[in-house]
Amino acid sequence: MKNSLFYAKILLFGEYGIIENSRGLTLPYNAYKGTLQFSSSLSESQLKSNKSLYNFLIYLKKIELPSRFKLNLKSLEKDIENGMFFDSNIPQGYGVGSSGALVAAIFDKYSGHKVSPDTISKNDLKDLKIIFGKMESFFHGKSSGIDPLICYMNIPLLIQPDAEVDKAKISENNEGKGAVFLINSGIPGETEPMVKIFFEKLKNDGFRKTLKEEFIKYNNECIDSFLNKDMKSFFKSLKHLSSWALNNFTPMIPSDFLKIWEKGISSNTYYLKLCGSGGGGYILGFTEDYETTQELLKDYNKEIVYRF
């Protein structure tokens with residue numbers, strides 16, 4: 001029985017800001033993937049996944065989805081009893097969509113509503129985002145639905161204010177000197193505690209003001225200039241965004257990375273930002289000269305996401 005593959009994702013821009021109605025830009029990351037599989041003799045890790053699917057099923061029975069998006073939970077329960085598990089190499093707690101891929105896989109297999117990335121309407125994108133948010137909240141306490149949506153559609157998406165979602169056009173230049181890259185912090189992050197810290201910070205009027213007036217401004221400027229391939233403006237706004245994060249998202253940045261974060265800003269060689277909620281997992285980097293950056297960060301485990 002052949003099942004669909006669901007790939008990881010990278011949220012280039014919009015972490016935390018999406019909660020406060022900023023824009024976001026996300027793209028698939030095909031280095032990691034997952035699929036639903038069956039086994040009559042489950043290994044320890046497969047059994048753990050199978051049990052997690054059963055707990056997810058219990059949660060899905062309690063939430064209401066629109067009738068046209070309803071899941072066949074009887075079929076899901078039967079498959080779990082028959083040894084279904086999620087076979088995935090997407091690292092958990094690294095901000096690249098491990099739970100998002102699982103949610104997308106479950107929806108794809110057990111929902112009667114199928115959509116194509118080529119023909120999907122803006123209304124369907126918006127509806128799916130809301131539904132995926134309800135589903136993924138099982139894993140994080142609260143979810144925007146963006147991660148499962150990007151894993152399900154497997155295309156770049158532009159998240160607009162008020163939950164609007166559009167397809168985004170991002171062309172890649174494999175020969176380019178510049179790169180978007182990941183640095184592996186070596187420790188998994190936990191989304192829920194980081195989000196709680198963020199909401200606590202939002203209670204401070206000063207933080208809320210600078211988030212709206214500076215962070216969201218720089219975030220949106222980065223998205224516009226990146227999509228328009230205006231790299232001079234892009235890196236100017238990105239430097240502001242990286243500096244803002246260093247000053248205001250310190251609890252979300254692993255302490256061992258504060259120095260190289262600052263080094264990137266002071267040298268203007270590369271700029272770092274959170275990949276997802278932070279606290280561990282991956283850190284996202286941008287540079288116009290990956291060769292030089294690679295030398296400066298030679299002691300760190302890196303992966304290229306995108307060339308330009």
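A word on the model: it is predicted, so local features need pLDDT of at least 70, side-chain atom pairs count only at pLDDT 80 or more, and totals for chains, interfaces and linings use all residues. Residues are numbered from 1 along each chain as its sequence is written, and side-chain values use heavy atoms, with hydrogens and water left out.

Side chains of opposite charge can pair when their charged atoms come close. We call it a salt bridge when a side-chain nitrogen of Lys or Arg is within 4 Å of a carboxyl oxygen of Asp or Glu. By that rule, the count here is 15 salt bridges.

Let's start with R23 and D224, whose side chains meet at 2.8 Å, N to O. Where do R23 and D224 sit? R23 is in the loop between β1 (6–13) and β2 (24–38), while D224 is in helix α7 (residues 205–227), 201 residues apart. Helices (H or I, at least four residues) and strands (E, at least two) are DSSP runs, numbered from the N terminus.

Is R23 buried or exposed? Buried means under 20% relative accessible area, exposed over 50%, and partly exposed in between, using a 1.4 Å probe and protein chains only. R23 is buried at 14%, whereas D224 is partly exposed at 35%.

Next, K126 pairs with E164, their closest N and O atoms being 3.5 Å apart. K126 lies in helix α4 (residues 122–140) and E164 in the loop between β4 (157–159) and β5 (165–167), so this pair ties together parts 38 residues apart in sequence.

Finally, salt bridges also link E20, R208 and K212 in a network.
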